[in-house]
Every structure is written in structure tokens, then in C-alpha cells.
Amino acid sequence: MRGRRIFATRMANVVGLCAIPHRLRAEQDPAVRNDDRMMPGHDELAAALRHALLHAIKATSPSMRDPFPTIDCSIALLPPLGKIGSASWAHVLIQAGNSEGLRGDLDPRTATGPHNISYFADPVNDAKDSIAWQPGANWREFKHLEHLSGEGPHRAIAPYPASVIKLMVAVGVCLLIDKKALRWEEMAIVGRERLSISDCCDRMISVSSNEATEALVALLHERGLIDRSSNRNDINNHFQAFGLHGLRFDNSTPQGGWRNPDGAGVGKLQMTSWDCLRLLWLMLDASGEAGVSPPWLSTSRKSDSTTASNIGQHFISESSAKRFWHWMERQALHEVLSSSLLCGLPNWVQGIPARLPKLWINAQGQAQIGPERWPGNFLSQQDRASVNFAHKTGSTWSYAANAGLVSSIKPGGRRYLIAIMSTLGIRHAAQQRTVTPWLMAGFGAQIDAWIAERLG
């Protein structure tokens with residue numbers, strides 16, 4: 001316990017240097033008090049994360065191990081909503097050659113890193129399909145991989161984040177709004193419908209609409225955030241200016257193309273788990289609800305006049321950030337780390353014990369997303385839920401990903417950001433209507449239970 005108190009004291013000192021706006025708010029508002037919980041340390045959190053991931057990997061079948069799966073996972077514990085306090089973070093990578101789990105070297109003061117890993121883009125064949133995750137793939141044959149981020153001795157191919165990339169599109173739209181190059185009320189054509197830009201974003205995030213994504217990507221080009229003729233991409237510039245070098249949004253087209261056949265997709269749209277998590281941390285901080293300011297900001301901001309003129313001094317406006325989290329809170333697809341949507345399926349495994357937003361439960365108590373209905377007693381499931389999960393999922397034949405904010409329903413309880421990128425996609429799913437093996441939900445439940453035991 002003494003070591004943990006020392007850690008908490010040191011972290012409080014560190015956070016005090018980078019959370020001045022929150023501290024001032026706490027001094028001015030007696031209702032906002034410092035959080036004095038005993039936050040688990042980085043080492044303790046990393047050990048728990050690694051243990052939970054290894055427990056999940058042990059559940060893989062032989063067919064899932066050709067090639068050996070890659071799981072890139074990050075987590076950051078935050079103070080309860082409305083409180084100011086310390087944070088704790090960890091990253092673990094499991095892949096061929098590191099099947100027992102490699103702890104990412106994250107700076108305990110600035111949350112930069114992982115400094116011991118070099119990430120490379122997913123290699124693809126002429127059909128734009130990944131060749132790294134096909135049965136029989138031999139990574140030693142990949143001689144000329146494209147470097148993505150990091151300079152560490154351990155090499156990793158970053159799994160495609162699937163529809164989690166839509167978070168980057170949402171940030172791009174928010175940037176256009178903040179630059180007054182776009183208005184939320186403007187209309188866009190989505191399939192056969194006309195939707196407001198705000199509703200487009202909602203549909204892109206909450207039900208992962210590809211058509212809405214295409215409309216919004218086209219707008220990113222039309223309004224000048226991306227200009228392929230001059231090779232300018234202010235989404236990438238924005239991420240890099242804030243230290244998020246593991247995020248990349250390349251090769252989208254002015255017609256709204258962002259998938260493999262468009263020359264984008266796998267190998268061109270990239271998100272490492274740690275930088276995906278830090279993106280969410282920045283968005284949460286912009287909304288005023290992080291409780292701990294992102295500690296890397298003081299080290300990542302560059303005095304690049306081009307970057308500053310194109311992007312501005314803040315990651316995103318408060319109003320745009322709040323709208324972003326509203327879309328995330330409306331998420332329908334609880335089917336990766338949380339599995340609430342799947343509770344009526346045979347052999348169901350509960351994941352993070354999250355509520356399904358009420359708007360997806362019909363009058364008969366069934367989950368309904370558009371015309372599609374899901375079996376199960378969702379009202380009973382809602383009663384057993386202990387957290388809300390504002391998040392985005394993604395899945396393809398070869399990949400499954402999830403990233404978001406978990407918050408205890410009970411006031412003052414646990415709150416944490418989590419991001420996972422993996423090669424455990426639909427081809428490994430146990431049954432129809434699932435997008436990843438049950439082990440992903442099992443991992444979510446295990447790490448959440450560990451956090452709940454300590455933070456409530």
C-alpha cells in the first residue's frame with residue numbers, strides 16, 4: 001500500500017502540472033472535489049491487462065492460430081465524472097513472437113509511446129487484401145513493410161481497425177465545423193435519404209453506416225480538409241500536431257471512397273490502440289469531462305506555423321466534442337468488448353456489463369436496429385448492467401476492433417478508456433450474427449471486473 005500511496009502522490013504532482021483548467025474549476029465550484037481514490041499504478045494495471053489478454057488467448061482454437069492472432073490493446077483509468085484526480089495507463093501487444101504478451105513502454109509522466117515498438121502498415125496484395133493474416137502467412141517474408149509509427153526494437157504489423165476508423169472521419173467533420181467550413185444543419189445525400197450532417201455522423205457512429213461514411217468522406221474533400229491534388233491532408237496533420245502518429249487516414253477519394261476497392265482501407269487507414277485511446281482522451285478533455293488533461297500535450301505541440309495556421313490551437317471545440325460523445329453514447333452495436341446486443345444468442349458470453357441504449361429496445365422488449373431484430377430478454381439485461389459504454393466497434397472478415405469510454409452507472413464508480421485492435425474477425429466467430437469470437441467479450445468482462453473491484 002505504501003508504494004501505491006507514493007505513486008498516487010507522484011501522479012498527483014504530475015497531473016497538477018497539466019490539469020490547471022480543471023483545478024481552477026474545482027477551486028471555483030465547491031461541488032467539484034478532488035478524487036482521493038487509490039488509483040492502481042501503471043505496473044499493476046499493465047499486469048492485469050496482460051493477464052486478461054493471455055487468459056483470452058488461451059481460449060483460441062488451433063484454427064485461430066494460423067497465423068497467430070495479433071491483439072493490440074490499451075487502457076487508461078480516469079477519475080469519476082466531475083472529479084479531479086490522477087490517471088493510470090497501460091498497453092499490451094500480443095502477436096507472433098510475443099505470444100506471452102509484450103508490455104508497451106509508455107512514459108509514466110507524459111503517456112507517450114509505446115517506445116519499445118515499431119508499427120508497420122498492413123501489407124496487401126493486388127486485390128488490396130491483407131496478406132499478413134492469411135493462413136500460412138510468414139512474417140519473415142515481408143521485407144519492405146511501410147513504417148507507420150514508433151522506433152522501438154519490437155516490430156508489429158498494425159491490424160486494420162475496421163469501422164473504428166469512422167472516429168477519424170467524425171473528427172474531420174468536427175474540424176470543418178470548427179473552421180466554419182461546414183454547418184451541422186447542412187444536408188447530405190445518404191443512399192436515398194437526405195440527412196443533416198449531424199444525423200449523418202450519428203448514423204455513421206451509432207449503427208456504423210457505410211453510406212453515411214461515404215457522404216462525409218466526400219465532404220472532407222469537397223470542403224478542403226483533404227486535397228489529393230496538392231497532397232494535403234489536414235486530418236493527418238491534426239493528429240500529428242497532437243502527437244498521434246499512429247493514426248493515418250490516407251487514400252480516400254473525392255467521391256467518398258474509403259475502403260479496399262477505393263485504394264484506401266487496409267494498409268492506408270491505420271489506428272494503433274494507444275493512439276486511438278489518446279484520440280478519445282483528447283475528445284473527452286475537449287468536452288470538459290476528462291478529469292485529467294492529456295499529459296503529453298506539453299511535449300507534443302510543435303511550433304509549426306503551417307500546422308498552426310491550418311488547424312488551430314485546440315484539438316476540437318467543446319461543442320463539437322460534446323456532440324461526438326452523444327453519438328458514441330447512442331451506440332447500438334454492443335458486440336465486441338461488450339456483448340449486450342447478443343444476449344439472446346446460444347452460448348452467450350457477457351462482456352463489459354454495459355446497458356444497451358434505450359432507443360434500440362422496441363415496445364416488445366427486443367433489440368431492434370432498423371428492420372433487424374435480436375433475440376433476448378433485453379429489459380432483464382438492462383437491470384443487470386452496471387456501466388454505460390460510449391464506443392465504436394469495427395469488424396471485417398479478418399479484423400475486430402472496439403474503442404470507447406466505460407462509465408459506472410453508480411455515481412463515483414469506475415471510468416476508463418479502452419481500445420483494442422485485433423485480427424480476430426468474423427472468420428473466427430463461433431456462430432452467425434457474431435462478429436468476433438466470444439473470447440473478446442470474455443476479456444472485456446474480466447478486465448472490467450478487475451477495475452470494478454478496485455474503483456467500484
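Visitor: Which residue of β17 stands opposite Leu77?

Guide: Strands of a sheet pair through backbone hydrogen bonds, either parallel or antiparallel. Here, Leu77 stands opposite Tyr416 in β17. The strands β1 and β17 run antiparallel and are joined by 7 bridges; two strands count as paired if DSSP finds at least two bridges between them. Strands (E, at least two residues) and helices (H or I, at least four) are DSSP runs, numbered from the N terminus.

Please note that this is a predicted model, in which local features need pLDDT of at least 70 and side-chain atom pairs count only at pLDDT 80 or more, while totals for chains, interfaces and linings use all residues. Residues are numbered from 1 along each chain as its sequence is written, and side-chain values use heavy atoms, with hydrogens and water left out.

Visitor: What is the strand order of the open sheet of 6 strands?

Guide: The order is β3-β2-β1-β17-β16-β15, with antiparallel pairing. At the edges stand β3 (98-103) and β15, each of which pairs on one side only. Neighbouring strands are turned by 10° against each other on average, direction ignored. Helix α3 lies across β1, β2 (88-95), β3 and β17, and runs at about 30° to β2. For such angles, axes are lines fitted to C-alpha atoms, for helices over the stretch in contact, and values run from 0 to 180 degrees between N-to-C directions.

Visitor: Which strands make up the open sheet of 3 strands?

Guide: Its order is β5-β4-β6, with mixed pairing. Both β5 (147-149) and β6 (154-157) have a single partner strand, so one side of each is left without a neighbour in the sheet. The twist from one strand to the next averages 40°. Between β4 (residues 117-120) and β5 there are 2 bridges, in the antiparallel sense; Phe120 has His147 of β5 as its bridge partner.

Visitor: How many residues lie between β7 and β8 in their hairpin?

Guide: There are 2 residues between them, and Gly191 in the turn has a positive phi of about 65°. The two strands, β7 (residues 187-190) and β8 (residues 193-196), pair antiparallel over 4 bridges.

Visitor: How should I read a helix, and which residues of α13 are buried?

Guide: An α-helix has 3.6 residues a turn, so residues three or four places apart point the same way. In α13, the buried residues (under 20% relative accessible area; exposed is over 50%, partly exposed in between; 1.4 Å probe, protein chains only) include Phe443, Ile447, Trp450 and Ile451. Among the elements that cover them are α3 (42-57), β1 (71-77) and β17 (415-422); contact means heavy atoms within 4.5 Å. After α13 comes Gly456, with a positive phi near 85°.

Visitor: Is His221 buried or exposed?

Guide: His221 counts as buried because its relative accessibility is 11%. The residue belongs to helix α6 (residues 210-222). A polar atom of the His221 side chain lies 3.3 Å from the backbone oxygen of Thr253. A polar contact is a pair of N or O atoms within 3.5 Å; within protein, one must be able to donate a hydrogen and the other to accept it, and residues adjacent in sequence count only if both atoms are side-chain atoms.
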